[in-house]
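Please look through the model below before reading on. The numbered points that follow go from one residue to the whole chain and back to details.

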Amino acid sequence: MKTLSKKHWIAFFIIATIYISFFMLISDTYTSIFAAIFGSLLCIFLIDNFLKESLEEYGFHFRNIHIQIISGIVLTFLMTFILHYNAISNFISKNGFLFSIGDLMKRLVDCFGSYASFFLDFFSTLVNAISEEILYRGFILTFFQRAFHSSSLSVFLSALLFGLSHFPFHQNWYTVIFAFIFGIVYGYLRIKEPEKFTIFSLCLAHFLQNFSLSFLLPFTNF
């Protein structure tokens, strides 16, 4: 594992400053989308152009893309089932295990209010998932690995930052704990199974997880 240079620290402080500024300025969905897109592009630019390093070192590659897609989908189902078992049970008990595509679409539309807000939330969920994976499981996790030379500590610290970053928006410690667990699992898989759990497959799983959470939220007890 490479050690950190002055350029790595500069990149870290640039990214930290930008994201902290966004946390203070974000006031609506549109600002959140802009911040997520800008933050993702900034991370990629700094890695590729400023640090002059391969994006693969930070978890970006598309080898065996079918395996990555399958891994992301399987991870989504496991995380959703384990962390939201109660919500899934409530949903099935109220709707039945089998329901028509029309009923599902109506449930989705009711959940988000209208088609326009549905697609806005859909896009917002997607870009935020991509941004968070690039930042926390891409740049920050790799940065901590090089700083501490410890995979366990790097996963823990990146997951802790990931969890705490959710508090300003949700004001809910349950969400922080959930995001922390989420970060531990995703970080561990990114390090231990880098061919299956890349930034791409984790973005896919993260998006599907958040989308399913929005769908199941009315059936939770929180």
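1. Where is the place of His166? His166 sits in the loop between α7 (151-164) and α8 (167-170). The model is a predicted one, and the values here are computed from it.

2. Is His166 buried or exposed? The relative accessible area of His166 is 13%. Buried means under 20%, so His166 counts as buried. Not counting residues up to four places away in sequence, His166 touches Glu132, Gln171, Thr175 and Ala179.

3. Now the chain as a whole. The protein chain has ten helices and zero strands. Its pattern along the sequence is α-α-α-α-α-α-α-α-α-α. The chain has 222 residues, of which 42% count as buried. Among contacts between residues at least 6 apart in sequence, 77% join residues at least 24 apart.

4. Helix α1 covers residues 6-25, which makes 20 residues. From its first C-alpha to its last, α1 reaches 29 Å, close to the 28 Å expected at 1.5 Å a residue. The buried residues in α1 are His8, Ala11, Phe12, Ile15, Tyr19 and Phe22. Why do the buried residues of α1 line one face of the helix? Seen down the axis of α1, they fall within an arc of 100 degrees, so they line one face. As a general rule, an α-helix has 3.6 residues a turn, so residues three or four places apart point the same way. The face of α1 turned away from the buried side carries the exposed residues Lys6, Met24 and Leu25.

5. How many cavities of 30 Å³ or more are there? The count is one. About 30 Å³ of space lies in the largest cavity. Its lining is made up of His8, Tyr58, Phe139, Thr142, Phe143 and Arg146. His8 is also one of the buried residues of α1. Which helix gives the most to the lining of the largest cavity? Helix α6 (residues 115-148) does, with four residues. By type, the lining residues of the largest cavity divide into three nonpolar, two polar and one charged.

6. Phe180 is found in helix α9 (residues 173-192). With a relative accessibility of 23%, Phe180 counts as partly exposed. That value lies outside the buried class because buried means under 20%. Phe180 and Leu160 are 20 residues apart along the chain, yet their C-alpha atoms are separated by 5.6 Å. Leaving aside its neighbours within four places in sequence, Phe180 is in contact with Phe156, Ala159, Leu160 and Gly163.

7. Most residues other than glycine have a negative phi. Asn64, however, has a positive phi, near 50 degrees. Asn64 lies in the loop between α2 (29-50) and α3 (65-83), and at 46% relative accessibility this residue counts as partly exposed. His149 is not a glycine either, and its phi is positive at about 55 degrees. Where does His149 lie? His149 is in the loop between α6 and α7.

Methods. Residues are numbered from 1 along each chain as its sequence is written. This is a predicted model: local features need pLDDT of at least 70, side-chain atom pairs count only at pLDDT 80 or more; totals for chains, interfaces and linings use all residues. Side-chain values use heavy atoms; hydrogens and water are left out. On a 1 Å grid over the protein atoms alone, a cavity is a set of points where a 1.4 Å probe fits but cannot get out, and a pocket is an open set with protein on both sides within 12 Å along at least five of seven lines; lining residues have an atom within 4 Å of a point. Grid points are joined across faces, edges and corners, and a volume is the space filled by probe spheres set on the points. Helices (H or I, at least four residues) and strands (E, at least two) are DSSP runs, numbered from the N terminus. Ala, Val, Leu, Ile, Met, Phe, Trp, Tyr, Cys and Pro count as nonpolar, Asp, Glu, Lys and Arg as charged, and the others, Gly among them, as polar. Buried means under 20% relative accessible area, exposed over 50%, partly exposed in between (1.4 Å probe, protein chains only). Contact means heavy atoms within 4.5 Å. The expected span of a helix is 1.5 Å times one less than its number of residues. The arc is that of the directions from the helix axis to the C-beta atoms.
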